[in-house]
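I opened the file and kept short notes as I went. They follow in the order of my look-ups.

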Amino acid sequence: MAHSVKKYRGLMDWITTVDHKKIGILYFAAGGLFFVIGGIEALLIRLQLMFPKGTFDILDGQTYNEVMTMHGTTMIFLAAMPLVFGLMNAVVPLQIGARDVAFPFLNSLGFWTFFFGGVLLNISWFTGTVPDIGWTAYAPLSGQEFSGTGSDYYAIGLQIAGIGTLVGGINFLVTIINMRAPGMSFMRMPLFTWTSFITSGIILFAFPALAVGLIYISFDRLFDANFFVTATGGNAILWEHIFWIFGHPEVYILVLPAFGAISEILPTFARKRLFGYSSMVFATALIGFLSFMVWAHHMFTVGMGDIANALFGVATMLIAIPTGIKVFNWLFTIWGGKIQFTTAMLYATSFIPTFVMGGVTGVMLAIPPADFQFHDSYFVVAHFHYVIVGGIVLSLLAAAYYWWPKMFGRMLNETLGKWSFWLFFIGFHLTFFIQHFLGLWGMPRRVFTYLPNQGWDTANFVSSIGAFFMAAGVIVILINAIISIKGPKAPADPWDGRTLEWSIASPSPEYNFKQLPLVRGLDAFWLEKMDGKKEMTPAEPLGPIHMPSPSILPFFMSLGLFIAGFGFMYRGYEFESAFMNNLFGYNIIAIFGLAITLVCMFLRSVYDDHGYHIEVEELQKEG
Amino acid sequence: MSQAAHLDKLPPEPEKATLEGRNKVLGFWLFLGGETVLFGTLFATFIALRNSVLDGPTGIELFSLSITAIATFILLTSSLTSVFAIQAMHHKNIKNMLTWLGVTVVLGLGFLVLEIYEFYEYVAHDGFGFTTSAFSSSFYALVGFHGAHVALGVLWISLLMLQIKKKGLTTVTAPKIYVASLYWHFIDVVWVFIFTIVYLMGKVG
Amino acid sequence: MEANQEQVQDRVKRGRIHEGPRNHIIAFGISIFLTLLAFMAVANSALDATFIKIFIVILAVFQAVIQLAFWMHMKDRGHFFQILFLATGAFVAITAFIMAVYWVWW
């Protein structure tokens with residue numbers, strides 16, 4: 001009964017897949033696409049600010065606001081998040097010696113909701129009403145009075161994408177808790193798995209707050225509620241709190257897996273075990289915990305009073321302690337190692353000083369009186385780009401170069417890789433280092449132009465040149481990715497790795513491990529190699545492997561939400577035709593969309609998925 | 001295989017017998033952790049905006065302790081009956097399990113009827129709509145969200161009852177029942193805070 | 001002898017499966033009692049408003065813990081992650097609560 005299962009090919013295979021490795025590639029592809037879109041928006045911003053007002057104005061104020069909003073929103077939610085999730089999907093199950101994630105179906109649902117949410121947000125470019133409220137969407141700017149349908153795109157697009165993230169977070173938590181290979185205790189887990197675990201936990205507790213906040217914005221806008229409307233008793237500060245209760249943990253959601261990737265790459269290429277493994281785990285957990293206690297440092301100038309400001313200032317500085325532990329551990333890891341500067345290692349080592357600079361300006365900003373000076377200036381822009389680009393993007397690129405062979409079964413070109421690194425790294429510092437000074441010289445952020453001869457002209461020009469270098473670096477990376485399709489085939493263990501994912505073929509077969517491995521300690525695969533073995537000792541006899549069936553339902557569930565999103569967004573909109581007015585005005589579209597989703601949920605609940613088995617003969621045939 | 005023989009083969013805690021089942025139960029617990037934050041944010045909003053009544057009615061004028069008490073009693077009892085359903089499941093007594101689940105659903109419906117009546121009274125007689133004031137928006141958001149959870153739970157448990165009738169109690173259906181009962185208890189726990197913070201505190205002023 | 005062993009086994013199994021309805025009915029009784037206490041405190045106008053508020057919130061927390069422990073089996077073994085994650089969720093919810101009380105209006 002369980003043998004006959006429909007196998008799809010081509011596009012249908014990608015739409016229906018529940019295989020975590022393919023979903024990881026989907027996340028990578030979609031995240032890469034949005035990264036390029038966000039990058040183009042960044043280039044537009046830098047082109048506009050390259051010269052002072054009157055020389056070379058390519059964007060007007062309104063368009064600038066839109067580009068700036070979409071740049072931030074896209075990069076955080078639609079580029080960095082999916083790239084992190086792509087890595088987690090590609091790596092975590094392999095690192096813990098699991099055949100699959102805990103909820104393959106939900107994994108697919110998580111990807112498709114994210115994707116449709118991102119598409120919905122970006123469709124705003126074609127309907128002419130783009131979000132122009134900053135990625136923080138502060139009230140009352142995001143309310144009915146001051147912004148149009150663009151804000152609905154923001155609220156509903158992120159709402160749909162957020163569902164996907166939450167689902168993905170739960171999936172990885174359960175996977176890591178329940179599905180570790182025999183012998184893989186918590187304190188034997190590779191650090192990337194640990195950071196993915198903590199990150200998933202933060203997602204679980206941060207995203208519901210965002211969901212509620214976005215619902216409030218939508219209710220305020222579409223159903224005339226009064227949550228953030230001061231005139232009717234609402235409170236705009238409340239939105240700031242809710243947003244940052246989510247928003248600050250969000251930064252750690254992104255940066256922790258980045259830390260984890262660095263903690264994998266440095267030991268591999270320094271050929272030493274990670275220094276201070278348990279303190280790394282402890283520091284990760286502590287950062288996760290502290291991430292929920294510092295949100296109001298984004299709001300020092302709001303006027304909460306001295307006590308609140310002092311409290312949140314001190315709490316914020318506390319985070320420097322576990323982060324410092326991590327930085328020193330990384331340094332001690334490479335100290336005295338036999339370092340091999342591959343592209344991944346270049347990115348990883350350059351991450352350390354760059355991220356420390358972002359961290360140091362973070363501590364500066366955590367001092368409330370100083371923050372009053374830095375606030376809303378380019379100093380802040382420089383700070384968070386050092387953290388997000390210098391911290392997260394550099395390590396994501398390191399991780400991409402490191403795990404690419406495992407994900408795609410092909411090697412990336414090292415020469416091109418090094419070119420991309422130097423272009424990107426030099427470009428990055430050129431762009432953002434000088435922005436610290438621009439901020440200190442008084443240049444405000446989020447303003448579409450500036451007058452000449454205030455001492456900002458040269459610095460802005462330099463910054464924009466740096467942006468072109470970064471763009472060139474990204475183009476080289478894309479070329480490298482494309483030519484790798486025909487590149488040399490990757491061996492199972494190209495880097496002489498330490499963790500379980502390198503003990504199986506590249507790319508790994510759909511069932512990952514023919515026999516679940518027996519884990520005897522930290523750096524499980526390295527231990528076996530040191531004992532002179534070529535592969536892991538199996539923990540079970542060879543037997544048929546149960547696999548989940550592919551399903552189209554996640555795609556349609558997400559499509560339903562997507563349609564419903566449009567239904568709600570345009571319910572109060574005045575269309576030319578009466579037909580359209582009725583269709584949206586009576587919520588017919590919205591109900592239709594939700595109905596699709598509910599029917600899919602019903603089908604999923606009623607029809608059990610028996611999956612199928614890969615038989616022993618098949619496994620032996622594949623070698 | 002006859003139903004009885006099949007039931008004999010079923011392990012003592014069928015919801016935790018398979019890895020899929022254990023994953024489902026744990027995953028649902030984690031989801032409830034997320035729901036705690038979701039309701040926490042809704043509560044926080046209500047607390048922040050509870051005094052922003054403008055010209056609209058206040059909590060003291062609106063709330064009726066007797067209706068709240070009845071609603072509380074109904075929901076508490078339904079939580080107990082859903083525990084009984086799980087006990088029946090562990091004793092592999094499908095008939096009793098379905099009966100207790102049925103009672104839970106009926107009580108849930110009773111709670112919903114009461115809530116809809118309450119909301120109707122507010123809107124029709126007290127002029128207390130969703131858009132009246134920030135207080136009203138936050139009140140309806142919090143209590144309405146909880147009500148939506150109850151409604152979803154009623155639909156969900158009903159669907160599961162039909163599934164049990166069709167498929168019987170297996171290691172696939174048992175985790176679903178268990179998880180639905182967790183959900184139902186959680187709704188009850190949230191209600192404990194709603195009657196305390198919204199209604200009782202609203203009455204105190 | 002055989003029957004005896006079976007009985008023992010049965011008891012062992014039952015203990016593991018479920019403790020029977022008694023504990024659940026007691027939990028129900030406690031919940032009803034705590035609820036009544038809260039309602040009575042509010043109905044009694046002689047008490048100080050601040051005292052009532054603190055009192056009924058404590059009662060609610062107490063009731064929630066009882067229901068979580070008994071009805072949702074949190075007191076049983078193998079619930080470490082359940083407790084950890086629900087407690088963390090509650091912690092974040094409490095921070096939101098503190099935010100709402102102190103840092104929204106001034």
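**Entry 1: a valine in chain B**

I started with B:Val150 and found it in helix α6 of chain B, which covers residues 134–167. I noted that the model is predicted.

Is B:Val150 buried or exposed? I counted 21 other C-beta atoms within 10 Å of B:Val150. The cut-off for buried is 20 or more, so B:Val150 is buried.

Next I asked which residues B:Val150 is in contact with, leaving aside neighbours within four places in sequence. I got B:Gly108, B:Phe111, B:Leu112 and B:Ile187. I also checked B:Gly110, which is 40 residues from B:Val150 along the chain. The C-alpha atoms of B:Val150 and B:Gly110 are separated by 11 Å.

**Entry 2: chain A overall**

I moved to chain A and listed 20 helices and 2 strands. Its C-alpha trace spans about 70 × 65 × 50 Å along the principal axes.

I then looked up the radius of gyration and got 25 Å for chain A. A compact globule with 623 residues would have a value near 25 Å, so chain A agrees with that.

Of the 623 residues in chain A, 56% are buried. I also took contacts between residues at least 6 apart in the sequence of chain A. Of these, 82% join residues at least 24 apart.

**Entry 3: a helix pair in chain A**

I picked α13(A), residues 378–408, and α14(A), residues 414–440. How do their axes cross? They come within 7 Å and cross at roughly 165°. That angle is over 145 degrees, so I logged α13(A) as roughly antiparallel to α14(A). The crossing of α13(A) past α14(A) is left-handed.

I went through the residues that make the contact. On α13(A) they include A:Tyr378, A:Phe379, A:His385, A:Tyr386 and A:Tyr401. On α14(A) they include A:Gly417, A:Phe428, A:Phe432, A:His436 and A:Leu440. Sorted by class, the contact of α13(A) with α14(A) has 12 nonpolar and 6 polar residues, and no charged ones.

**Entry 4**

I finished with chain C, where I found 4 helices and 0 strands. Along the sequence the pattern reads α-α-α-α. Buried residues make up 27% of the 106 residues in chain C.

How many residues of chain C are in contact with chain A? I found 11, in contact with 13 residues of chain A. The side of chain C that touches chain A has 8 nonpolar and 3 polar residues. I found no charged residues on that side of chain C.

Methods
Residues numbered from 1 in each chain as written. Chains lettered and ligands numbered in written order. Predicted model: local features only at pLDDT ≥ 70, side-chain atom pairs only at ≥ 80, totals over all residues. Buried ≥ 20, exposed ≤ 12 C-beta atoms within 10 Å, placed from the backbone. Axes fitted to C-alpha atoms, helices over the stretch in contact; angles between N-to-C directions. Parallel < 35°, antiparallel > 145°, perpendicular 65-115°, else oblique. Left-handed = near helix turned anticlockwise from the far one by under 90°. Contact = placed C-beta atoms within 7 Å. Nonpolar A, V, L, I, M, F, W, Y, C, P; charged D, E, K, R; others polar. Rg over C-alpha atoms; globule rule 2.2 N^0.38 Å.
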